[in-house]
Amino acid sequence: CYVQKAGYANAVTDLDSAMKLNPRSYEAANDLAWILATSPDVSVRNSERALLLAKQACELTHYKQWNTLDTLAAAYAANGQFGDAKQWLATSLKFAPEEEKKRLQTHLALVLAEKPVQD
């Protein structure tokens, strides 16, 4: 709800709490990584932490969940590592349901242009 209302700082606080309650939750790690990598609110972004959390979410899902792979790509792009971002977006596209592929292609176009993915 916070993200939909542009309350990114509150979303970060809630997701930090969720991760403390359940450190094995790939959903909380993934959602927090996404906000930290892609938030339009510059004061909330933290690309280094986003990358650590995205890797954690991918490890928890054994690098097979398309959404966590998309987040990992966004985190790499936020850190200027566009080659890695391209690789993980390509892998994400392999696992993604058909209805999500258009969105992922948009992310890939940004990465190929060496631009970060922003929400």
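Biologist: What pLDDT does the protein chain average?

Modeller: The coordinates come from a predicted model. In the protein chain, 94% of the residues score at least 70. The chain averages a pLDDT of 93.

Biologist: In which helix of the protein chain is confidence lowest, and in which is confidence highest?

Modeller: Where pLDDT is low, predicted coordinates should not be read in detail. The lowest confidence of the protein chain, a mean of 86, belongs to helix 1 (residues 8–21). The highest, at 98, belongs to helix 4.

Biologist: How many helices and strands does the secondary structure of the protein chain come to?

Modeller: Read from the N terminus on, the elements run α-α-α-α-α-α. The count is accordingly 6 helices and 0 strands.

Biologist: What is the radius of gyration of the protein chain, and what does the globule rule give for 119 residues?

Modeller: Along its principal axes, the C-alpha trace spans about 35 × 30 × 25 Å. The elements of the chain run α-α-α-α-α-α. Because its radius of gyration is close to the value from the globule rule, the chain is as compact as a globular protein of that length.

Biologist: Are helix 3 and helix 4 roughly parallel or roughly antiparallel?

Modeller: Helix 3 (residues 47–60) packs on helix 4 (residues 66–78) at an angle of about 155 degrees, with the axes 8 Å apart. Angles over 145 degrees count as roughly antiparallel. Therefore helix 3 and helix 4 are roughly antiparallel.

Biologist: How many nonpolar, polar and charged residues does the contact of helix 3 with helix 4 have?

Modeller: Helix 3 passes helix 4 in a left-handed crossing. Residues making the contact include Ala-50, Leu-51, Ala-54 and Lys-55 of helix 3 and Leu-69, Leu-72, Ala-75 and Tyr-76 of helix 4. By class, the contact has 10 nonpolar, 3 polar and 1 charged residues.

Biologist: What is the handedness of the crossing of helix 4 and helix 5?

Modeller: These two helices pack at about 165 degrees, with their axes 8 Å apart. Helix 4 is therefore roughly antiparallel to helix 5. The crossing of helix 4 and helix 5 is left-handed.

Biologist: Into which classes do the residues of the contact of helix 4 with helix 5 divide?

Modeller: In helix 4, Trp-66, Leu-69, Asp-70 and Tyr-76 are among the residues that meet helix 5, where the partners include Phe-82, Asp-84, Trp-88 and Phe-95. The residues of this contact divide into 11 nonpolar, 2 polar and 2 charged.

Biologist: Which residues in helix 6 meet helix 5?

Modeller: The axes of helix 5 (residues 82–95) and helix 6 (residues 101–112) come within 9 Å and cross at roughly 165 degrees, so the two helices are roughly antiparallel to each other. Their crossing is left-handed. Helix 5 contributes Phe-82, Ala-85, Lys-86, Leu-89, Ser-92 and Leu-93. The residues in helix 6 are Lys-101, Leu-104, Gln-105, His-107, Leu-108, Val-111 and Leu-112.

Definitions and conventions
Residues numbered from 1 in each chain as written. Predicted model: local features only at pLDDT ≥ 70, side-chain atom pairs only at ≥ 80, totals over all residues. Heavy atoms only, no water. Axes fitted to C-alpha atoms, helices over the stretch in contact; angles between N-to-C directions. Helix = DSSP H or I, 4+ residues; strand = E, 2+ residues; numbered from the N terminus. Parallel < 35°, antiparallel > 145°, perpendicular 65-115°, else oblique. Left-handed = near helix turned anticlockwise from the far one by under 90°. Contact = heavy atoms within 4.5 Å. Nonpolar A, V, L, I, M, F, W, Y, C, P; charged D, E, K, R; others polar. pLDDT = per-residue confidence, 0-100. Rg over C-alpha atoms; globule rule 2.2 N^0.38 Å.
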